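Visitor: I have a structure to look at and some terms to learn. Could you take me through them?

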Amino acid sequence: MAADINFQPQSISVPQPKAFTVTITIDTKGDNINALDGTIVVAKELGDVSVTDSGSIITYWVSRPEFDKQSRTIKFSGTVPGGFTGKNGIILSVVVPAYNGPRLDNAVTVAEIHGYLNDGLGTSAKISTKQFALGNGSSNIDSEITDQLYIDSSKPDNIPPETFTPQVTRDDR
């Protein structure tokens, strides 16, 4: 069974007079996935977006998600020590500025995604994707993740990142 990459919400109506957030999540369908990398494409009509990894299941980033204005892509790569199994694992969120343009069926799409199983062998996970649309009416954000998102500016993002202290050792045996 293939894991699913989803958008929360999957669609939103236009016009959008204020900035809004689109969160990309994974439903592992029972698989234990411990690494993800991919490329997200953002339609040029959306202007310059920003990206946040707040609440992400990925705790160790090889390449933190970042929006490239020239290519209009967000590339990311990271790991989940011990793996993740679940329905609404947040990968990243895209903050889109106010939008008053026409309907966009492919406003934000997954161009490429790779996942790897937590099996010690680096086995590729099968992953299916969807896209985010503007103008198809609004869909709801899954209630399971609303507390983890910082959509409301009155709710500050004040959860510090997980502490990480690398230790280098040597064994001369």
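Guide: Start with a pair: Ala 3 has Ile 127 in β11 as its bridge partner. This is a predicted model: local features need pLDDT of at least 70, side-chain atom pairs count only at pLDDT 80 or more, and totals for chains, interfaces and linings use all residues. Residues are numbered from 1 along each chain as its sequence is written, and side-chain values use heavy atoms, with hydrogens and water left out.

Visitor: What makes β1 and β11 a pair of strands?

Guide: Strands are DSSP runs of E, at least two residues, numbered from the N terminus. Two strands pair if DSSP finds at least two bridges between them. Strand β1 (residues 3-8) and β11 are joined by 3 bridges, so by that definition they pair. They run parallel.

Visitor: Why is Thr 23 called buried?

Guide: Buried means under 20% relative accessible area, exposed over 50%, partly exposed in between (1.4 Å probe, protein chains only). Thr 23 has 0% relative accessibility, so it counts as buried. It is found in strand β3 (residues 20-27).

Visitor: Why does Lys 29 count as partly exposed?

Guide: Its relative accessibility is 35%, so Lys 29 falls in that class. Lys 29 sits in the loop between β3 and β4 (33-42).

Visitor: And why does Arg 72 count as buried or exposed?

Guide: Arg 72 has 13% relative accessibility, so it counts as buried. Arg 72 lies in the loop between β6 (60-68) and β7 (73-84).

Notes: Helices (H or I, at least four residues) and strands (E, at least two) are DSSP runs, numbered from the N terminus.
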